[in-house]
Amino acid sequence: MIKTVNIEKTYVKGSVSTHVLRGITLSIDQGEYVAIMGTSGTGKTTLMNILGCLDKPTSGKLELDGVDVYKLNDDALSALRNKKFGFVFQQFFLLERTTALDNVLLPFIYADRYPADAIELAKKSLASVGLEYRIEYLASELSGGQQQRVAIARALINDPDVILADEPTGNLDSRSTDEILEIFSRLHKEGRTMVVVTHDQAVARYAQRILELKDGQVRESSVANPQK
Amino acid sequence: MKLTKTITLSFKILTAHRLRTSLCISSMAVGVAAVIVMVSMGRGAQKRIMDMIHNMGTNLIVVNAGHVTLVGGREKQSAIVTTLRTGDADAIMDHCASVEEVAPETSRKMNVRWESENLMTNIIGVTPAAFRIRNIEIEMGRNFDSVENDTAGRAAIVGSVIVEKLFNGEDPVGHQIRIGLAPFEVVGVMKARGVDANGVDRDDRILIPLNTAIRRLMRITYVQKIHIQVASSRQLQRAEAEIRQLLRERHRLRDKPDDFTIQNQATLIQTERESARTLTLLVGSVAALSLLVGGIGILAVMLTACRERRKEIGLRRAVGARRRDIRTQFLLESLIIAGLGGLFGAALGVFSTFLASALGGWTVIESWDAIGVGLMLSTVVGLVFGIFPASKASALEPIEALRAE
């Protein structure tokens, strides 16, 4: 469902160019749980942003369900992010002085149609991550783990095919990390495609397949976990 | 995009930045209030001019004996000139085709007595035509007619100030008064007219027939003024020229300067209009400046917001907001600030207008369209100064926005 062909990304700063990605070709199938690993600075986040249509590569091709993404205009890319992807970021990115419920409702505002039962759906989504008792709390009143779960509820609200998570547990303690990873496993079992960027072996262990980024290249890791 | 949801969201964001929002709203409010005061003052000036025309009479030319100079915007008649006669008035009526009516008048300050009360007031000798030309209305009693004028009858019509001061508010009609030493009967009371453009109280006077004034009371042969009504305003200039020529011939002036002054109502009103316009322009530029300050306030707040809220913009783009959704949201926020500023400004403007009329003695007219203009301008300012930050915010690439610190 996700296919990249020879993706390259070069950052130019002054006269110095940094080649972060040097020809990434990979494919991720529907329903797979993939971890993208690598030490910091290897371009994991850059790759994830490109996969999620948040960033564009210097060259290369990205296909989603057979559609060449870079032939779409900006509005179509927005629609794609709205429907197809659910993002989970390391820094959560919640609207701070806004309730958990309103945060979860955000993607609906930009959807084609604002569902009549939006609030019910948002409450259900919050319940699915165990936050049914924190609906009216402001984001800033929640703990880190709770904030990340709100972010997951938000990512799920439009029923996306793919969850893209960038170091989702990077700012969390081990208990919260376990909770988040449990939720991810459940989402995977429900049939969603999971792409998790991490430097943490413990997080990657939940995935079926691990892609290792090194020197701007990607390779299948030996520690894949197909039985998961 | 769901507009109502976006509006709700904009409100939530604005309330989250309470101090900044309210400062911005108040600067906007001051601008709008200034606009409302300006429009109300402009209307007040307009009304003053309309009143002036009404009380003066329409299509009027005034001939004064001697020279009339404007001192501090007020008329001042120099020396006593005795060459203007009632015969001049009759000649103007007979020889100038465009003239419809003439009303010569003369006045003098004299002592007036009723029972044990007495006071000094202006005694004005007028012909019945003056009532028509100058829109003088009778409140109680009656007017005097041309027979009473011709026979120099002893009839007096008093102003409301005289009723208050001399008669202590009693109905004066039918009472005998003495003007100087001569007895008169009060036959009527004028409707109150207020103060004229020269600062003279038009209710502090007594009108008597012109012939009575000239022959019995003042024993003079001349008049001080002739009010002349012309058929239409288009003929004012021509009539003025005709009158000047006629008077110069009658007064045998040859190469001497005029011994009279002709004022044409059109010129008088023009002068008044110009001073009204100067005032409106002055207040207008202050209002425009305040609105500009309000607009720049919005610009500053929204640009700061655009910078501070880059992460939020990035997140919105990540969950599916299109560029125009971001633009709409930022523009809505500017419009909400401007709109609220407009509403508060309207209230403030109405209040200041009220203060200006109560304390400053300005003639001001509150009107709904002044409020309308204020609100409309605030919306325009909100739009104009909101567009730049809004497009700046929408131009951010999602990833740049998310990465911002």
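In chain A, β4(A) and β5(A) make a hairpin with 2 residues between the strands, and D65(A) in the turn has a positive phi of about 50°. Welcome to this predicted model, which scores ipTM 0.92 and pTM 0.70.

**Overall picture**

- Chain A holds 7 helices and 10 strands.
- Of the 228 residues in chain A, 45% count as buried.
- Taking the contacts in chain A with a separation of 6 or more, 68% are accounted for by residues 24 or more positions apart.
- For chain B, the average pLDDT is 85, and 95% of the residues score at least 70.

**The sheet around the hairpin**

- Strand β4 (residues 59-64) of chain A is joined to β5(A) by 2 bridges, and the two run antiparallel.
- Across that pair, L64(A) stands opposite V67(A) of β5(A).
- Strand β1 (residues 2-13) of chain A is also antiparallel to β4(A), with 5 bridges joining them.
- Here T4(A) stands opposite L62(A), a residue of β4(A).

**Helix α1 of chain A**

- Helix α1 covers residues 44-51 of chain A and is mostly covered, with 8 of its 8 residues buried.
- Those buried residues are K44(A), T45(A), T46(A), L47(A), M48(A), N49(A), I50(A) and L51(A).
- Just after α1(A), the backbone at C53(A) takes a positive phi of about 60°.

**Helix α5 of chain A**

- Helix α5 (residues 144-156) of chain A has 13 residues, which at 1.5 Å a residue should span 18 Å; its end C-alpha atoms lie 18 Å apart, so the two values agree.
- This helix, α5(A), is mostly covered too, since 11 of its 13 residues are buried.
- The buried residues of α5(A) include Q146(A), Q147(A), Q148(A) and R149(A), along with V150(A), A151(A) and I152(A).
- Among the elements covering the buried residues of α5(A) are the strands β6 (85-88) and β7 (162-166) and the helices α3, α4 (118-128) and α6 (174-189), which belong to chain A.

**Nonpolar cores**

- The largest nonpolar core has 117 residues, of which I36(A) and V195(A) touch the most other members.
- Helix α2 (residues 18-56) of chain B supplies the largest share of this core, 15 residues.
- Setting aside neighbours within four places in sequence, V195(A) is in contact with I28(A), V34(A), I36(A), M48(A), L51(A), V162(A) and L164(A).
- A second, separate core of 49 residues includes L60(B), V126(B), V230(B) and I243(B).

**M302 of chain B**

- M302(B) sits in helix α9 (residues 265-308) of chain B.
- Is M302(B) buried or exposed? M302(B) has 26 C-beta neighbours inside 10 Å, so this residue counts as buried.
- Apart from residues up to four places away in sequence, M302(B) touches F330(B), E333(B), S334(B), G386(B) and P389(B).
- Of these, E333(B) is 31 residues from M302(B) in sequence, with the two C-alpha atoms 8.3 Å apart in space.

**Where the chains touch**

- Contact between the chains takes 20 residues from chain A and 21 residues from chain B.
- On the side of chain A that touches chain B, the elements giving two or more residues are α2 (74-83) and α3 (100-109) of chain A.
- Which helix gives the largest share of that side of chain A? The largest share comes from α2(A), with 6 residues.
- By class, the side of chain A that touches chain B has 11 nonpolar, 4 polar and 5 charged residues.

Definitions and conventions: Residues are numbered from 1 along each chain as its sequence is written. Chains are lettered from A and ligands numbered from 1 in the order in which they are written. This is a predicted model: local features need pLDDT of at least 70, side-chain atom pairs count only at pLDDT 80 or more; totals for chains, interfaces and linings use all residues. Two residues are in contact if their C-beta atoms, placed from the backbone, lie within 7 Å. Helices (H or I, at least four residues) and strands (E, at least two) are DSSP runs, numbered from the N terminus. Ala, Val, Leu, Ile, Met, Phe, Trp, Tyr, Cys and Pro count as nonpolar, Asp, Glu, Lys and Arg as charged, and the others, Gly among them, as polar. pLDDT is the predictor's confidence in each residue, from 0 to 100. A residue is buried if 20 or more other C-beta atoms lie within 10 Å of its own, exposed if 12 or fewer, and partly exposed in between; C-beta atoms are placed from the backbone. Two strands pair if DSSP finds at least two bridges between them. A nonpolar core is a set of buried Ala, Val, Leu, Ile, Met, Phe, Trp, Tyr and Cys residues joined through C-beta atoms within 7 Å. The expected span of a helix is 1.5 Å times one less than its number of residues.
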